[in-house]
Amino acid sequence: MNDHPKHYCGLFGVFGVPNASYLIYLGLYALQHRGEESCGIVTSDGEELSIHKDMGLVSDVFNDENLRLLKGDRGIGHVRYSTTGSSLVKNAQPLFVDYLGNSLAVAHNGNLVNSSSLRKELERTGSIFQTTCDSEVIVHLMARSSSRNVVTKLKSALKKIKGAYSLVLLTEKELIGVRDPEGFRPLCLGKKGESWCLASETCAFDLIEAKFVREVEPGEIVVITDKGLTSARFAARAKRNSCCIFEHIYFARPDSIIFGETVHLVRQKLGETLAKEHPVDADYVIPIPDSGTSAALGFSHASGIPLEWGAIRNHYVGRTFIQPHQKIRDLGVKVKINILREVVAGKKVVIVDDSIVRGTTSRIRVKNFRAAGAREVHMRISCPPHRFPCFYGIDFPSPDELIANRYSVNEIRDYLGVDSLGYLSLEGMLSAVKMPAHKYCVSCWVGKYPFKGAGTLKNVLEKKCVCQRIEIKEG
Ligand SMILES: O=P(O)(O)OC[C@H]1O[C@H](OP(=O)(O)OP(=O)(O)O)[C@H](O)[C@@H]1O
Ligand SMILES: NC(=O)CC[C@H](N)C(=O)O
Ligand code: SF4
Ligand SMILES: [Mg+2]
């Protein structure tokens, strides 16, 4: 089911391994959860870049034949969920261009909040865009810089863009990693033997047996060449950052380390705090897999209520799953999760999930628990109610579609048909992570955004939204 926002992307890069394309392929496989619409790999043999990208999953797009044609010992890869520009092959990443006798490939995770105005200006002064995605302005801005040095070109582009961007870039000779000064999206640095790697999440390093070295810092550029790694800052270290805390709650894989912590352990703590904030008398704690699992474990530990597997997930449901017509919609939700009647019948259950956005999926799931004979169904959510959109690379619906924007918790409880509903508080959520609160973005809960002007709630409400995928209903 595609009701929930799962719109973010995954990045991978490696320098100095024979047949780099195979390693990148594996890296992307580990990051598949970050984007299922399209994927691509660009490699370099030191002289020339080769590219292959298409719509679909990593396993659909790549095979031995096309991986073999991607020559070289270095390269980058991307898995995409579109957040600006539609889900079309022309928007698949990495973006690839030839200019001034050189080639450049760029892959982006995040959303720029000023790409529309930058694009307008670039078009007005002669640029011809090949895609409709925000990331392309970076390439044009780089091409406009008069310097011959790619890092100087990049720095001049970075001065102009605003918003969320973790980037990996590839030229014939360089692999480059960048994290925006706010640090919205993760980007990690690893080492496999003597070779450097970059990945959105460390689970990609585990798969290729690379060692996690550290995260690329907000405002840092790392440049990897034959001579090794150099690091430079393009923005001063800031007291405040905007690391997306929702990465910990929902997006990232539980076995990844991001923003200095293992995601599974953070989720477990979220669940423990949730149990303390919203205790309930129940026979079983039941996780809604997969993203609710770690929080449910924490809830069970803290409450002493045994954890039971009452909802079983079918892992073969992806973006290509066709949304059934309204009439059989309930069956559609069942495709993904089936309720174990023998476990829940006659029992008081507390189901733990990571988040509710529209509420439509959760409502049907609750109905299914009741149909399976559950005596009481309580629901606990491991983050606060989502009331505001995201402009930083997550395709949250317009405020109208966010159930918590329109209804109180009690009204949502009644809509979902649960006996009780408890959301984790903002303080509870922030107490589960290590860094101080001012290091995280919590905009989709509080409605305050790190950037002024473009990409703010005011723009959404005044229907001047710059995030093209947030559809504002007229009238
Ligand atoms: O707002 P609602 O419509 O009630 O949807 C809420 C559900 O959607 C997400 O899961 P989903 O099953 O979509 O995907 P997942 O497998 O990535 O958790 C989320 O984890 C909740 O379980
Ligand atoms: N969600 C993302 O990170 C997407 C990256 C980029 N904004 C795109 O739409 O392709
Ligand atoms: S608004 Fe929400 S989802 Fe978007 S970056 Fe901030 S915390 Fe993450
Ligand atoms: Mg879910």
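Let's start with Cys-444, which sits in helix α17. Helices here are DSSP runs of H or I, at least four residues, strands are E runs of at least two, and both are numbered from the N terminus. Is Cys-444 buried or exposed? It is buried, because 26 other C-beta atoms lie within 10 Å. The cut-offs: 20 or more other C-beta atoms within 10 Å is buried, 12 or fewer is exposed, in between is partly exposed, with C-beta atoms placed from the backbone.

A word on the source. This is a predicted model, where local features need pLDDT of at least 70, side-chain atom pairs count only at pLDDT 80 or more, and totals for chains, interfaces and linings use all residues. Residues are numbered from 1 along each chain as its sequence is written, while chains are lettered from A and ligands numbered from 1 in the order in which they are written.

Back to Cys-444. Leaving out neighbours within four places in sequence, its contacts are Phe-246, His-386, Phe-388, Pro-389, Cys-390 and Phe-396. Contact means C-beta atoms, placed from the backbone, within 7 Å.

Now take Cys-390. It lies in the loop between β21 (376-381) and α14 (403-406). Cys-390 counts as buried because it has 26 C-beta neighbours inside 10 Å. Beyond four places in sequence, Cys-390 touches Phe-396, Ser-443 and Cys-444.

Which residues does the UniProt annotation "binding site" cover? The unreviewed entry lists Cys-244, Cys-390, Cys-441 and Cys-444. They span 201 residues in sequence, yet no two of their C-alpha atoms are more than 10.1 Å apart, so they gather at one spot. Note that UniProt annotations may be inferred rather than shown by experiment; positions follow the numbering used here, and feature names are shortened.

Next, ligand 3. Residues around it include Phe-184, Cys-244, Phe-246, Cys-390, Tyr-392, Cys-441 and Cys-444. Near means a C-beta atom, placed from the backbone, within 6 Å. Helices α8 (245-251) and α17 (443-446) each give two or more residues to this shell. By class, the shell has 10 nonpolar, 1 polar and no charged residues. Nonpolar covers Ala, Val, Leu, Ile, Met, Phe, Trp, Tyr, Cys and Pro; charged is Asp, Glu, Lys and Arg; the others, Gly among them, are polar.

Last, the overall layout. The chain is divided into domain 1 (10-238) and domain 2 (266-435), with bounds from an automatic or database domain assignment. Their C-alpha centres lie 34 Å apart. Domain 1 puts 12 residues into the contact, and domain 2 puts in 6 residues.

Notes:
Two residues are in contact if their C-beta atoms, placed from the backbone, lie within 7 Å.
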